[in-house]
Amino acid sequence: MTDKRISPLQVQIPSVVGLLCLLGIILIFTVPNDGRFGRILAIRSTDKTIRFKPLPSPIYATKKNVWQDLSEDDVHNVTQWLLAQRDLNLTNPETAGPWSNSILFVELNIPNKTEVLPYIDNDTSEAVPTRYARVVTTLRATLEASWQELLVGPLPISDETTVEPLQYLLTRKTNGRVRWLDPDAHGALEDEFLYKVSASVADITLDLCGGVAIGQDNDTLDLIGLTTPYQKDTAGRIIRWDEFKRRPTDKFDAQTLLPQGLFLKTDVTGRDPSKWRVLGWFYNNKFYAGTREFRAAYESPDFQRLKPNVEGDWARTDRQGPAWQHDLLRPPTMLHPNGKARFSIDNAERYVEWMDFSFFIGFSHDTGMSLYDIRYRGERVLYELGLQEILVHYAGSGPYESGHVSHDSHVGIGRYAFQLVPGYDCPSYATFLDTRSHSGGRTNLRRNTICIFEYMSDSPIQRHTAFTYLSITSNVYLTVRTVSTIADYDYVISYKFYTDGSIGVEAEASGYIIAAHRAHNHDYGYSIHDHLSGSMHEHIINFKADFDVLGTQNTVQMVRNVPTTQVYPWSNGKARSTMRLERSFITNEDQGRWNWDDSTAQKQLVVVNQDAINAYGEMRGYQLVPGQPAAATHARLTAINSTSLGRTAGWSSHDVHITAQHDTEPRSAYPFNAHDLYDPPIDFDRFFNGEDLNQTDLVIWFNLGMYHLPHTGDLPNTLTTTAHAGVKLVPVNFFSLDQSRRTVNQVRIDYDEGKVTHVEIFGREMNSSVPDGDVGCCWLNDQAALAELYGYDGPA
């Protein structure tokens, strides 16, 4: 039987529709209207269909993707097996209630590096590492609620399968258990306590804030609490702060822009609502120790009211204002003038090859996409490159802004990676991959959550003009991208591969800021609307780069440009003020924490293999280059010993951290760290114990920083033009020369007395003036393009 399904990597549209879609784009690719060359880019209009997306070449990975997530059947089987283990007392997630033990999610437990290397580096029949499941359970059938991680395997389920606490990846050994400070949030906490408290002051909130929050569908206010309760100086009590915010009246997600400046402090220790109590109210920079005191102040004649924040078009993201001139014309758009993409994918194994790069793709609930076994010309450069945590730290005069810290892996960066938008998140011609999200024993397919595409930069990667020739090379790179929406912010995470062997890591953010009421917040933000302050905050985004530069035995070399005064044999005995290089090695973990801007000396951090020397006596390596493309080199938290963080994010104290690689230290952060600030399950600071870093397997943990002081241009949403940070991993003395010389996407234009005598195209076929075969959405008139190069005038 013939399978007539259309491939997800191939979409066909009628030629008439294609003509209409592309007409506005194609016209901009014509050359100047002097009639010299004619049209360079054209579409296929003779066929009945136009291939809209170029297809990647199929390829078969020589190894299994040992980092690929569990299948839907695996998750189902693990779930059913666990439910059958009576000693675990687990309830089916579909019927579990607030006093049940249940399964939060099931996914692959990432295998240990020491078990993977013999498999991926061995050409013989070395066995694939045994697969195990990581299971996160919720234990709420008790007064002391907690989460617990379990390790289930080997998989598939068999008589040999066992279950045990998963704790080897944690620095704190408590059988994989973490206390849960607010297990009744989004349930009894609101229904049996907070709404009742709010109802007792409904007349006040109606007057001060223009609405009520009493748990009804027609409520016009919400009580928005901190991600985790206060834990410092609380004598073991669970202290919660909530802020009243208006509910938007339409579809726009603008609630974080509508704070009313009214805060409620409560003690919600334990799980008995009858023992929860109000500790106070905070309004207009005054604290009231209880509802009675707050009401008495409110009813006094000298009570000072704040103006409420009310939504409007200023908070809505739809187009506003008069249209710009020419804006209704279709803008320039990147097209792919071939029927075949210039990279290859084994979709079953999530394995990608592009030019001389190859890598596997993994995806997890907590951290989203990671890349593994990144190789260049078959030699591994990185074993692992991936996001670890997104930290957002606010500040303000009120208790909500002052205490607001978000560890985004807590809700699941991978869980909230949603479908990408062709033509906006990624070019329309990109290849899209699906991912899976596991929750409560179920598996949900997430369509098109990863995109892969080539792109040409708006500037060349190489260029030089001489008096007799011009040499210039296109900067074409491959991007692998995903986007996660964590509450109010969308994070765009991109990995970029360049023809010179460089790898870029970039993060962009856009979305609604969490604003504060303007009153008393002058020291914490600009006034950005009538009664609104743009609360200052910082995004610190942590990545793991497990380098394997020509093997696992690596060292970090620090190369500094330092000022010097030097007398040279030729300087007539006079000192010259200049600069020189200062080379040193980071020899142990006590030296392994660095900031880019902590001295006047420009520093280069290069991961080298001291046993791999090039032909010129230099160590081959890869350099970590900060501030790409436009970020400040400062990529650490400004607050020192933050009260809101405790010991949960030691990786945020410096821009770069270097540790010895251990299977027991696979992650710098942990989703539930915030529930035990001063004894977190993963305490990153405990990674540092003076271990030797000379020619050993090491890991670099680096941060991307976005220091955000919102202004009026952040309304309604923050823009990626400023919320954009990145680094590049750049080969240093790794190759004998620049690897981009291998591309044919360059030209040399020879000229003499202002006339071009020859255009060297390095073997590219540029004789075509009509479409030939399957050319995809469009084709390039090579002869017209070549003629345009022959029209170059050269230097005067």
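Let me begin with a term: a residue is called buried when its relative accessible area is under 20%, exposed when it is over 50%, and partly exposed in between, using a 1.4 Å probe and protein chains only. What we have here is a predicted model, in which local features need pLDDT of at least 70 and side-chain atom pairs count only at pLDDT 80 or more, while totals for chains, interfaces and linings use all residues. Residues are numbered from 1 along each chain as its sequence is written, and side-chain values use heavy atoms, with hydrogens and water left out.

I turn now to salt bridges, meaning a side-chain nitrogen of Lys or Arg within 4 Å of a carboxyl oxygen of Asp or Glu; by this rule the count comes to 39. One of them joins Asp-203 to Arg-295, with the closest N and O atoms 2.9 Å apart. This pair links distant parts of the chain, since Asp-203 lies in helix 5 and Arg-295 in helix 6, 92 residues apart, where helices (H or I, at least four residues) and strands (E, at least two) are DSSP runs numbered from the N terminus. Asp-203, at 41% relative accessibility, counts as partly exposed, and Arg-295 is partly exposed too, at 22%.

Next, Lys-496 forms a salt bridge with Glu-506, the closest N and O atoms being 3.3 Å apart. Lys-496 belongs to strand 26 and Glu-506 to strand 27, ten residues apart, and both residues are buried.

Finally, the side chains of Asp-685 and Arg-593 meet in a salt bridge at 2.9 Å, N to O. Asp-685 is partly exposed at 27% relative accessibility, as is Arg-593 at 23%.
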